[in-house]
Amino acid sequence: MRSQACDAAAGKEQPMARVLVTGGAGFLGSHLCETLVAQGHEVLCVDNFFTGRRQNVAHLTSNPAFELMRHDVTYPLHVEVDRIYNFACPASPIHYQFDPVQTTKTSVHGAINMLGLAKRLKARILQASTSEVYGDPEEHPQTESYWGRVNTIGPRACYDEGKRCAETLFFDYHRQHGLEIKVARIFNTYGPRMHPNDGRVVSNFIVQALQGSDITIYGDGSQTRSFCYVDDLIDGVVRLMDSPGELTGPLNLGNPDEYSMLQLAESVLRLVGGKSKLVHMPLPTDDPRQRRPDIRLAQTHLNWQPRIGLEEGLTRTIEYFRSRLTES
Ligand SMILES: NC(=O)c1ccc[n+]([C@@H]2O[C@H](COP(=O)([O-])OP(=O)(O)OC[C@H]3O[C@@H](n4cnc5c(N)ncnc54)[C@H](O)[C@@H]3O)[C@@H](O)[C@H]2O)c1
């Protein structure tokens, strides 16, 4: 079991490990499983298939190093692993607001269950946290030391506060039980295997453009976001997991290049072609005006930074959606 696997991300030899990925059949989780299997680890992918799907990991199921298990993280899990990546949680507003109580349970009970498992196994555990912990920020770009501005009773709170509480639990388990923890604050990430109907801006614009429908822009389109391509993000997440024990985070992972929604819509239209028109709709409640990571900590401690520009990432993502939309 202690054979060596090449850590492609950090360029170092890492001992092979048994790795649990919760939410492993989702968008990010499936790319993470793929990377870990390619590095020679044994991967146990756990998912309740709320937003994830088997097809996302279908190409891995014939590999003996990969195992897929249906399980809801709000219930305890008894398995034997060396490392845990906790990615289970719906991530788009449409999905996390569908059953907000379940969303909070997934973040909070899910974290307690996975932290309990990590404590029993003395396993290192990484939390997929989010830039949403910063809420509608008064600081721009957001550094990890910024405490955030979240509306505790708004429709986004089930996700934002759930993720904030999960961070609290991670640090309490670390202080109280000496658990080795890693907290990644992930900013908007896009790429193949995003859900086509999750209402996130990149998938929305691409699907609308491919279908020749109007492209819906909320508000005047001047609000900005930064977009990280999935391969870059997974590289950062794996580097964080493999980093020295004393590096707990929270660490921002995202692409600091900032684009307005209008700029994004125009890029998608240009790359897809077609005749879609841009139409404006009212801004949703508590929609942040600006979102951009300060990634200096990740650059310094992980020697990481995003490499794939928006045009290249969009081109790859458009190809995915083009073939997915023609699936019968
Ligand atoms: N994609 C992003 O831009 C982004 C940004 C910040 C944080 N994140 C975080 O990364 C993680 C993955 O996000 P994603 O974009 O891949 O979303 P996703 O919806 O594609 O993946 C989430 C996965 O978790 C599963 N899941 C949900 N509830 C579960 C439960 N109770 N038990 C077991 N499985 C459950 C879903 O079925 C799905 O496969 C989430 O925790 C999310 O909060 C993502």
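Glu 80 is partly exposed, with 49% relative accessible area. In this predicted model, the side chain of Glu 80 meets that of Arg 120 in a salt bridge, 3.4 Å from N to O. Arg 120 is also partly exposed, at 45% relative accessible area. Glu 80 sits in the loop between β5 (66-70) and β6 (83-86), and Arg 120 belongs to helix α3 (residues 100-121), so the bridge ties together parts 40 residues apart in sequence. Side chains of opposite charge can pair when their charged atoms come close.

**Salt bridges**

The structure holds 20 salt bridges. Three of the pairs are set out below.

| Pair | N to O distance | Relative accessible area |
|---|---|---|
| Glu 80 and Arg 120 | 3.4 Å | Glu 80 49%, Arg 120 45% |
| Arg 292 and Glu 258 | 2.9 Å | Arg 292 24%, Glu 258 27% |
| Arg 296 and Asp 294 | 2.6 Å | Arg 296 56%, Asp 294 10% |

Arg 292 and Glu 258 form a salt bridge, with their closest N and O atoms 2.9 Å apart. This pair links distant parts of the chain: Arg 292 is in the loop between β15 and α8 (296-302), while Glu 258 is in strand β14 (residues 258-260), 34 residues away. Arg 292 counts as partly exposed. Glu 258 is partly exposed as well.

Arg 296 and Asp 294 join through their side chains at 2.6 Å. Arg 296 is exposed, whereas Asp 294 is buried. Elsewhere, Asp 136, Glu 138 and Arg 149 are linked in a network of salt bridges.

**A buried arginine**

Is Arg 225 buried or exposed? Arg 225 counts as buried, because its relative accessibility is 9% and the cut-off for buried is under 20%. Arg 225 lies in strand β11 (residues 224-226).

**Nonpolar cores**

The largest nonpolar core has 59 residues. Which members touch the most others? They are Leu 32, Tyr 85, Phe 87, Leu 264 and Leu 314. Helix α6 (residues 230-242) supplies the largest share of this core, seven residues. Leu 32 contacts Val 21, Tyr 85, Phe 87, Ile 234, Val 237 and Val 238, leaving aside neighbours within four places in sequence. Another core lies apart from the largest one and has 26 residues, among them Leu 44, Ala 118, Leu 121 and Ile 181.

**A nonpolar surface patch**

Tyr 218, Met 281 and Leu 283 make up a nonpolar patch on the surface. Together they have about 240 Å² of accessible area. Met 281 is placed in strand β15 (residues 278-281). At 38% relative accessibility, Met 281 counts as partly exposed.

**Confidence**

The chain has a mean pLDDT of 93. In all, 95% of its residues reach 70 or more. Residues 1-11 have pLDDT below 50. Beyond near neighbours in sequence, this stretch makes 34 contacts in the model.

Conventions:
Residues numbered from 1 in each chain as written. Predicted model: local features only at pLDDT ≥ 70, side-chain atom pairs only at ≥ 80, totals over all residues. Heavy atoms only, no water. Core = buried A, V, L, I, M, F, W, Y, C linked by side-chain atoms within 4.5 Å. Buried < 20%, exposed > 50% of the residue type's maximum accessible area, 1.4 Å probe, protein only. Helix = DSSP H or I, 4+ residues; strand = E, 2+ residues; numbered from the N terminus. Contact = heavy atoms within 4.5 Å. pLDDT = per-residue confidence, 0-100. Patch = residues over 30% accessible without salt bridge, like charges linked within 9 Å, V, L, I, M, F, W, Y side chains within 5 Å. Areas by Shrake-Rupley, 256 points an atom, 1.4 Å probe, with all protein chains shown as cover. Salt bridge = Lys/Arg side-chain N within 4 Å of Asp/Glu carboxyl O.
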